[in-house]
Amino acid sequence: MNLFTGESSRALFGGDAPESVNRLLHEAAAAHADPTKAEALLWSARLSAPHCLPVYFAQYKFYFYRRRLEDAERCARDGLRVAGEQARIGRHWREVQGGDADFGGVGPARFWLFTLKALAFIRLRLGDRAEAQALLDKAAQLDPDDNLGASVIARLKDESAPTRKGRPWTPPDAPTSDPDETP
């Protein structure tokens with residue numbers, strides 16, 4: 001539950017999944033110590049229910065936590081595409097406008113916007129500040145009240161501005177922040 005909006009976390013993470021998919025997702029979570037098994041379970045879930053949005057959320061989180069950012073990005077983009085199709089906003093994210101869907105209501109459009117925010121964080125972690133900013137700008141346009149907290153990612157981006165050497169400052173052994181569980 002989001003303490004600020006009262007919104008169910010399940011709504012942000014793609015809604016409900018069929019019981020068979022839920023079982024696979026729970027098994028994958030329980031197998032966190034065995035990444036190969038967890039990954040296989042996540043792919044089994046995706047193959048059995050390719051339109052189930054929670055699977056995409058679980059996949060991009062799995063890869064993000066394992067610092068496999070390119071894989072996380074690919075799954076986030078796939079989830080963005082599937083959610084866009086379900087919300088009937090199947091165009092490129094740069095072309096989406098506020099009137100294209102109800103981004104404030106529970107459903108695939110909300111998941112699409114939530115995943116857009118996560119994608120901004122992934123792009124930031126990959127060092128692509130320009131696309132991260134463009135994604136954050138789009139999130140701000142579609143969520144002007146910042147209900148999903150994209151401004152937190154924007155602050156992280158600003159605080160990690162390149163130093164004189166052109167590299168973002170990152171403290172040694174800094175814990176990996178989570179794009180969907182921001183402070």
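**Figure 1. Helices α5 and α6 are roughly antiparallel to each other.** Helices α5 and α6 are therefore classed as roughly antiparallel (angles over 145 degrees; under 35 is roughly parallel, 65 to 115 roughly perpendicular and the rest oblique). Their axes come within 9 Å and cross at roughly 160 degrees, where axes are lines fitted to C-alpha atoms, for helices over the stretch in contact, and angles run from 0 to 180 degrees between N-to-C directions. The crossing of α5 past α6 is left-handed, meaning that the near helix is turned anticlockwise from the far one by less than a right angle, clockwise being right-handed. This is a predicted model, in which local features need pLDDT of at least 70 and side-chain atom pairs count only at pLDDT 80 or more, while totals for chains, interfaces and linings use all residues. Residues are numbered from 1 along each chain as its sequence is written, and side-chain values use heavy atoms, with hydrogens and water left out.

**Figure 2. Helices α7 and α8 in contact.** Helix α7 (residues 129-142) packs on helix α8 (residues 150-159) at an angle of about 155 degrees, with the axes 10 Å apart. The pair is therefore roughly antiparallel, and the crossing of α7 and α8 is left-handed. Arg129, Gln133, Leu136 and Ala139 of α7 meet Ala150, Ile153, Ala154 and Lys157 of α8 (contact: heavy atoms within 4.5 Å). By class, this contact has five nonpolar, one polar and two charged residues; Ala, Val, Leu, Ile, Met, Phe, Trp, Tyr, Cys and Pro count as nonpolar, Asp, Glu, Lys and Arg as charged, and the others, Gly among them, as polar.

**Figure 3. Helix α7 and its buried residues.** The 14 residues of α7 reach 20 Å from the first C-alpha to the last, close to the 20 Å expected at 1.5 Å a residue (1.5 Å times one less than the number of residues). Buried in α7 are Glu131, Ala132, Ala134, Leu135, Leu136, Lys138, Ala139 and Leu142 (under 20% relative accessible area; exposed is over 50% and partly exposed in between, with a 1.4 Å probe and protein chains only). These buried residues pack against α5 (69-86), α6 (108-125) and α8.

**Figure 4. The protein as a whole.** The protein has eight helices and zero strands (DSSP runs numbered from the N terminus: helices H or I, at least four residues; strands E, at least two). Of its 183 residues, 46% count as buried. Among contacts with a separation of 6 or more, 62% come from residues 24 or more positions apart.
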